[in-house]
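Here's a quick tour of the model you have open.

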Amino acid sequence: MKIQDIGGLLFKDRSEVRLTGIRRLWKRQAGRQRKQLHTLAQTYANFESTIAQITNMIKDKGKLTDLLDQLINEAGMTFGSEHVFLSLLEGQPQVFWVVAYKGSYELRETTLQKLMGASYAAGQMVYVTSRENLDEHLPRTLLGMPIMIDGKLAGVFEVFVESGEVLTKQQLKLAEIYAAQAGVAVKMARLNDTLTRKSEEIVLLHEVGQVVAKQPSPSILLEQVGKTLSDFFKADACAAFVVQRHSVPPVVRAAHVQNLSPADVARLESLLTNGKRSELWQDTNRVLVTLPLAVEKTVQVMPLFFRQILQGAIVFCWDYVRETSSDFPIEATLATIANQTAMGLDREHLYGSIKKFGLTDTLTEIANRRFFDFVLKKELSRVRRYGQPLSLVMVDIDFFKMINDRWGHQTGDIILKEMGSLLKKQFRATDLPARYGGEEFAVILPETDAATAYALAEIIRAQTEKRVFAPSIDKISVTISVGVATVEFSEYLDKLTEADLIFAADQALYRAKNFGRNRVEVSELEK
């Protein structure tokens, strides 16, 4: 029998509901469902629009705080909540810092042991409703989504709702997507920060490398490196000091001062001189050392060690308490800069010794044979002590006798002088070019393996080939033959002498001559 035939329904309790009443119930229920579907569709439309905007901002490398603020505001509208927070886990020890929020609560940083911290650390969602044990003025519903980056907890996205209503599956899914989108934004921002920092470090290394390569005097070297680093750190004051190792005992003297009083400079000179015998210089691997010299200010010193010998120091001062942990990401870069600068100072010390003891070749103005023998013996002993490789490059000007016969010995002297200048310019600050005898030169390369020595030798060969010598007299082209020998730490090292190393490099040089000249040959030391 059809419903229309009886005009109503009869329930178990014998009560009757008319068909018109049922239709009204159906219409009312259908209207509510349509309204819910429309609201949900509108929410998804707003959400998709928001995600699209945030995605575009990420692609355009928008500011992270702007991205997160927009995400929080849209999330508040989506959930109908006045209290939405986004915290990032940062620092050591790790602390949750609220970086974006919408609400009236006064928020502060909390440790990883915050409420529900264990669940967040495990990557689990936290969803609590009807928190009966809490005060009445606090929200009744908490939804927390961990923000994960590469499988590790990076932060938390939290929504607090005043009413204790149950959130739908769709809302939970939206919260998960919001947290994921926040993770993408944070990861992209951090990658961008890393790339920016690396780019700045490369520029910094390049600038310092150019300064060291010019081989200036110690005062100019420290002044230029100090200014470059001071600008990079945005320091309020800076001073650079050199260790005068010729003095007995060695003393520290200022080579460059910027925005420091004479009294402060004298105090630092005394501290650095006496500090060499204290704990300040015991750890030669420390890049930046904080000095407790002033209240509400920060003073840091970068010691310049080369081969465990203090060559100098650069001091930076800030008129505020600076977070020193911010230097850790560029510690390796600073260590490289400190080492390069210290090597430059050590080289200047060596050249100062050359001038002091008359060990310079008067024609070429580079080290003479006597000083070459002294340094080679010293460097070979360092190989035995520290185990670092040592290379020797022997250079001979091709057909030099023909040059003397054709253009005269004065022209030959000009070419020898220009060759000495070229060797000094092209090799590194720590290398020692010397005139070995006649038209033959030698270059000592400390801490240099065979591959690097060959590459450096090939550069000087190519530079010589394309250089025009004695242009005021006649445009003379010159080529060179080069022999390279390298000694590394081994069980046979104690038996190796300076003469053995010179002989090996000479043998490689003779092969270069026999194979047509204008080439580089490498010799292997016989064990």
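## Confidence first

This is a predicted model, and its pLDDT averages 79 over the chain, with 76% of the residues scoring at least 70. Residues 1-15 have a pLDDT below 50, and this stretch has 18 contacts in the model beyond near neighbours in sequence. Residues 131-135 also stay under 50, and there the model has seven contacts beyond four places in sequence.

## The overall picture

The chain holds 13 helices and 20 strands. Of its 527 residues, 44% are buried. If you take the contacts with a separation of 6 or more, 60% of them link residues 24 or more positions apart.

## Inside the cores

Which residues have the most contacts inside the largest nonpolar core? They are Val 225, Leu 229, Met 302, Leu 304, Ile 314 and Phe 316, in a core of 29 residues. The elements giving two or more residues to this core are α5, α6, β9, β12, β13 and α8. It's α8 that gives the most, with six residues.

Neighbours within four places in sequence aside, Met 302 is in contact with Leu 229, Val 287, Leu 288, Gly 312, Ala 313, Ile 314, Phe 316, Leu 334 and Ala 338. Apart from this core lies another one, with 27 residues that include Ile 366, Leu 423, Val 478 and Val 482.

## A buried serine

Now over to Ser 87, which sits in strand β3 (residues 83-90). Is Ser 87 buried or exposed? Its relative accessibility is 2%, so Ser 87 counts as buried. Not counting residues up to four places away in sequence, Ser 87 touches Phe 96, Trp 97, Val 98, Val 99, Ile 147, Ala 154, Gly 155 and Val 156.

## Where α9 meets α13

Last stop: a helix pair. The axes of α9 (residues 369-386) and α13 (residues 498-514) come within 10 Å of each other, crossing at roughly 105°. That angle falls between 65 and 115 degrees, so α9 and α13 are roughly perpendicular to each other. Here's who makes the contact:

| Helix | Residues in the contact |
|---|---|
| α9 | Phe 372, Leu 376, Lys 377, Leu 380 |
| α13 | Glu 498, Leu 501, Ile 502 |

Sorted by class, the contact of α9 with α13 has five nonpolar residues, two charged ones and no polar ones.

Methods. Residues numbered from 1 in each chain as written. Predicted model: local features only at pLDDT ≥ 70, side-chain atom pairs only at ≥ 80, totals over all residues. Heavy atoms only, no water. Axes fitted to C-alpha atoms, helices over the stretch in contact; angles between N-to-C directions. Helix = DSSP H or I, 4+ residues; strand = E, 2+ residues; numbered from the N terminus. Parallel < 35°, antiparallel > 145°, perpendicular 65-115°, else oblique. Contact = heavy atoms within 4.5 Å. Nonpolar A, V, L, I, M, F, W, Y, C, P; charged D, E, K, R; others polar. Buried < 20%, exposed > 50% of the residue type's maximum accessible area, 1.4 Å probe, protein only. Core = buried A, V, L, I, M, F, W, Y, C linked by side-chain atoms within 4.5 Å. pLDDT = per-residue confidence, 0-100.
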